[in-house]
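Here is a short report on strand pairing and packing in one model. Look over the sequence and structure, then read on.

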Amino acid sequence: MIQKIKKNNSTIYKYGNNITWSLPCLFQYEIIFGAIQSILENIGFDYLNANIFGSPATAWSGGRAPIVKDKIDKTTLKKLFKYIKNTYHGIPTFTFSKINITDDELHNDYENYLLDFGIEFGARFIVSSDKLKNYIKEKSPNTTVVASILKSIYRFQGKEKQEEPSIETETEYYNKLLKEYDFVVVRPEYSKFILTLHPELINDISRIEVYV
């Protein structure tokens, strides 16, 4: 929902609070997220509803290389999460998006320390491994787990893709993921060429996340 409004002789497009943004600011650009929220407040707009995602370097990390390489102590984590949640109303979201996690890695002390802390503070988790998703849900069934875009990229793109993408195959895949995950991130190609034209193909469009 986009509403065009006039303020201070300039035209601004305001996205209503029915939209939730996912921003890659956790463990690297928290100050930028805070600055965005402050600017919005100063010009009379509501806060963004935002999931702030990212990860320090861990055995569960995948995708882009994390900026934070050192292990993070609990005091620092508490300050960071409270800053995001209490000051700027964002939801911290860990990205543990490695595709193939071994049984040994699943029980690493540091990764489980981050997982337990995130569960305690109401964090969300973006994952690519079904094994890790099951592990998180066994620990905390009500914790929100998101199927990473890396899952669909791994399946439908690149030299090691498992099948050719099509309307039928990719739609079936996302509907299957919706039965197992709380939210599903779809490939930009799918959202641009299929989802915008045929949203009725998805069983629950409210739980789909798209790249902008």
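Which residue in strand 9 does Val-185 stand opposite? Val-185 faces Glu-209.

## Basis

The model is predicted: local features need pLDDT of at least 70, side-chain atom pairs count only at pLDDT 80 or more, and totals for chains, interfaces and linings use all residues. Residues are numbered from 1 along each chain as its sequence is written, and side-chain values use heavy atoms, with hydrogens and water left out.

Seven strands form an open sheet in the order 3-4-5-6-7-8-9, with parallel pairing. Strand 3 and strand 9 (208-209) stand at the edges with a single partner strand each, so one side of each has no neighbour in the sheet. Strands (E, at least two residues) and helices (H or I, at least four) are DSSP runs, numbered from the N terminus. Pairing requires at least two DSSP bridges between two strands.

Two bridges link strand 8 (residues 183-185) to strand 9 in the parallel sense. Helix 5 (residues 130-139) packs on the sheet and touches strand 5 (90-96), strand 6 (124-127) and strand 7 (145-147). Contact means heavy atoms within 4.5 Å. The direction of helix 5 makes about 160 degrees with that of strand 6; axes are lines fitted to C-alpha atoms, for helices over the stretch in contact, with angles from 0 to 180 degrees between N-to-C directions.

## Strand 5

Six of the seven residues of strand 5 are buried, so the strand is largely enclosed by the rest of the structure. Buried means under 20% relative accessible area (1.4 Å probe, protein chains only).

Strand 4 and strand 5 run parallel, joined by five bridges. Asn-51 has Ile-91 as its bridge partner in strand 5. Four bridges pair strand 5 with strand 6, also parallel. There, Phe-94 stands opposite Phe-125.

How values were computed. Buried means under 20% relative accessible area, exposed over 50%, partly exposed in between (1.4 Å probe, protein chains only).
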